[in-house]
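Welcome! Take a moment to look over the sequence and the 3D view, and then let us walk through some features together.

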Amino acid sequence: MRGGAWWLFLIVLFALATATGRHTLAMFVIILALATLVSERWGRDSLHRVRYRRYLGKSQLSYGEETSLVVEITNAKLLPLAWIRALDAFPLGLSVSTSEIQYTQTSDTGLLLTLVSLRWFERVRHTHRVKGVHRGRFAIGPVQLSSADIFGFSKSFRTDSTVDYLTVYPKIVPVEALTYPAGRPVGEWLGRRRVIEDPLRFSAVREYRSGDNPRYIHWRASARTGDLQTKTFEPSETVSLMLAVDVETSPQAYTYVPELLELVLSAAASIAVDALQERYMVGMFMNAIGLRGESWVQVSPGRHERQASDLLSAMAMVDAFRGAPFLEMLRAMRVNMPYGASVVAITTDPSEETYEALSLIQEAGHPVLLLTVGDMPPVVPERLDSIHLGGSDAWQRLENL
């Protein structure tokens, strides 16, 4: 009903009706012209002063957790809207239990539809239940808005570029569930190292015993008593754990094994959360590409209230491919370790060079536990404590917990 041809038709029809004395037809033409003007103005102004907002109940979710997504549309003008449609770009890594997602040609994005009618100065809200069914950082938006006049002849379209982000953490399981059959070797390994002596916290002197560290012999006290004496120290209150996480899951370039990557990150996340609950200071080196293109991601050791969130958020944003080689990261990590920190390294493809780098870290006074992931367990030297977590079947088992 728009365009010069339509207006030309109305003018010709009005002229003919007037010339032939058909006043009813002339009145009908006038009504059509007025309806056309109203339709065009209505359609043009339909999205004027229309506001679209989203509200997420939580911006970070545990794996499998639900939250609310509130869609709010406000019509802040006198002109009512017969209908307004909002099409939100919606990631397929999230599921919605209260609406159907319209699939698009893009493999990782769908459309969340909201269709409402609005009176003048009216606001409506639709509440959806969103569930994090995959690990990652997901963008909701932008949104395309469309509306029309009451006749449906004149339409308006608008795109709002606002995007909201929702982070889904890796799946966290009890550390005893990481190995099968059930046991708690990881937890026991950490538990044996909870109390270490801090050489900066000198306590007293006692008689030297076989197995004591010769570096802590108190020579002045030994000379005074005639027997070897050794220093004793108070337990450290800042026991540290450093995670060394290898996100490479395939030796071939530009390929990866999703199940193995999720198992690696689930194990790292579970150990980090468990260690924080046991009052460890937990840090991490992970050879994923950082947000600013770094070769690896580093989280400094800590146990403050946001430490778990910092660690899990870093793991949530890991994509399919690594940054620096794991060996290069281990060598850099060795010179940035807190005193007495224990190390848990997780990898899918350990090499002889990896074993050597971990041995050097261990010889520097940092207990090392190597966790391996893959369908076949590797042959690890006896000098390193190691546990094989399994392969794709292990991830399927953890995912179903």
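## Ground rules

A residue is called buried under 20% relative accessible area, exposed over 50%, and partly exposed in between, using a 1.4 Å probe and protein chains only. This is a predicted model, in which local features need pLDDT of at least 70 and side-chain atom pairs count only at pLDDT 80 or more, while totals for chains, interfaces and linings use all residues. Residues are numbered from 1 along each chain as its sequence is written, and side-chain values use heavy atoms, with hydrogens and water left out.

## Two aromatic pairs

Searching the whole structure turns up 2 aromatic pairs. Rings of Phe, Tyr and Trp (its six-membered ring) pair if their centres lie within 6.5 Å; planes under 30 degrees apart are stacked, over 60 edge-to-face, and the rest tilted. The ring centres of Tyr-63 and Trp-395 are 6.1 Å apart with planes at 85 degrees, so this pair is edge-to-face. Tyr-63 sits in the loop between strand 2 (60-61) and strand 3, and Trp-395 in helix 9 (residues 392-399), so the pair ties together parts 332 residues apart in sequence. Helices (H or I, at least four residues) and strands (E, at least two) are DSSP runs, numbered from the N terminus. Tyr-63 is buried at 16% relative accessible area, and Trp-395 is buried at 5%.

Tyr-256 and Phe-321 form an edge-to-face pair, 6.1 Å centre to centre with 75 degrees between the planes. Tyr-256 is partly exposed at 36% relative accessibility, and Phe-321 is partly exposed at 35%.

Strands pair if DSSP finds at least two bridges between them. Strand 3 (residues 66-75) and strand 8 (residues 122-132) run antiparallel and are joined by 10 bridges; here Val-70 stands opposite Thr-127 in strand 8.

## The nonpolar cores

Which residues touch the most other members of the largest nonpolar core? They are Ile-271, Met-286 and Val-344, in a core of 50 residues. Helix 5 (residues 258-277) gives the largest share of this core, 13 residues. A nonpolar core is a set of buried Ala, Val, Leu, Ile, Met, Phe, Trp, Tyr and Cys residues joined through side-chain atoms within 4.5 Å.
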